[in-house]
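This report covers one protein chain, shown below.

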Amino acid sequence: MQEVKVDLAREKFFDEFSDSWDTKGPSPEPEVVLTFLRKLNINSKKTVLDVGTGTGFLIPHIFSFHPARVIAMDLSAGMLSKLRGKYSSRFCTNLEILHGDVHLLNLDNATVDIAVCNGVYPHFHDKPLALSQLHRVLKKGGTLAVNHFAGRQFINSIHGSSSHDLIRQDLLDPVMILSKTIARHGFHVTEWRDDSTEYYLIAEKI
């Protein structure tokens, strides 16, 4: 069996941007974020895994639905340090901060109700392995969401023009291709969107 190693190159890349991350680009309007999150049926009985949480952009929006537990996970310790400074005291009882790699998820089987991959899916260097890990930690019937609050062409233009060789490879497929990929890993796709303003796919673990 091949040993899976932490993606140190991307970890370093995002660590270097952690201090300035919150100042980069406009953020979507709160109602746009909430409209997307409502599709995930978050409630007081659910555990939500925010994969690639970064500095925690989604965290206050997720907590507006009063989940039982939120796991904010990121590859970058620098990003998580910023998140911790902003939210650890505000949401201390229900927020768990996890430094980790989606390809090596340090979570037990079937312990997560909803896994959100916001703005991060293209950065998974081994997407089949990442999807198998997300499938493992989700409960049966659990929800997987891949999302960008921008269109695919815009995301690909940003990544494709990066000065970093790895990031230039981190591109989004058309959502129909993503849908087939996710279906092959034990999910049933329930909803998707791929246009000039937003890109998302929502699926259920079979």
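Leucine 201 is in contact, meaning heavy atoms within 4.5 Å, with Leu144, Ala145, Val146, Val175, Leu178, Ser179, Ile182, Val189, Glu191 and Trp192, neighbours within four places in sequence being left aside. Leucine 201 lies in strand S7 (residues 199-205). Its relative accessibility is 0%, so leucine 201 counts as buried; buried stands for under 20% relative accessible area, exposed for over 50%, and partly exposed for values in between, with a 1.4 Å probe and protein chains only. Isoleucine 167 is 34 residues from leucine 201 along the chain, and the two C-alpha atoms are separated by 22 Å.

The model is predicted: local features need pLDDT of at least 70 and side-chain atom pairs count only at pLDDT 80 or more, while totals for chains, interfaces and linings use all residues. Residues are numbered from 1 along each chain as its sequence is written, and side-chain values use heavy atoms, with hydrogens and water left out.

Histidine 148 belongs to strand S5 (residues 138-148). This histidine 148 counts as buried because its relative accessibility is 4%. Outside the four places on either side in sequence, the contacts of histidine 148 are Asn118, Gly119, Val120, Pro122, Ile155, Leu172, Glu198 and Tyr199.

The chain has eight helices and seven strands. These are DSSP runs numbered from the N terminus, with helices (H or I) of at least four residues and strands (E) of at least two.

| Strand | Partner strand | Sense | Bridges |
|---|---|---|---|
| S1 (residues 47-51) | S2 (residues 69-74) | parallel | five bridges |
| S1 (residues 47-51) | S4 (residues 112-118) | parallel | four bridges |
| S2 (residues 69-74) | S3 (residues 95-99) | parallel | five bridges |

Which residues of S1 are buried on each side? Thr47, Leu49 and Val51 are buried on one side, and Val48 and Asp50 on the other, so that both faces of S1 are covered. Five of the five residues of S1 are buried, and in S2 five of six are.

Individual bridge partners trace the links between these strands. Aspartate 50 stands opposite alanine 72 in S2 and has valine 116 as its bridge partner in S4. Valine 51 is opposite methionine 73 in S2, and methionine 73 in turn has leucine 98 as its bridge partner in S3.

For the chain as a whole, the radius of gyration, taken over C-alpha atoms, is compared with a globule rule of 2.2 Å times the number of residues to the power 0.38. With 206 residues, a compact globule would have a radius of gyration near 17 Å, and the 16 Å of the chain agrees with this. The C-alpha trace spans about 45 × 40 × 40 Å along its principal axes. Of the 206 residues, 48% count as buried. Among contacts with a separation of 6 or more, 70% come from residues 24 or more positions apart.

The accessible surface of the chain is about 10200 Å², and 52% of that belongs to carbon and sulfur atoms; areas come from the Shrake-Rupley method with a 1.4 Å probe, and for residues only the protein chains shown count as cover. The chain carries 23 positive and 24 negative charges, whose mean positions are 4 Å apart. Lys and Arg count as positive and Asp and Glu as negative, without His and the chain ends, and each charge is placed at NZ of Lys, CZ of Arg, CG of Asp or CD of Glu.

Key:
Two strands pair if DSSP finds at least two bridges between them.
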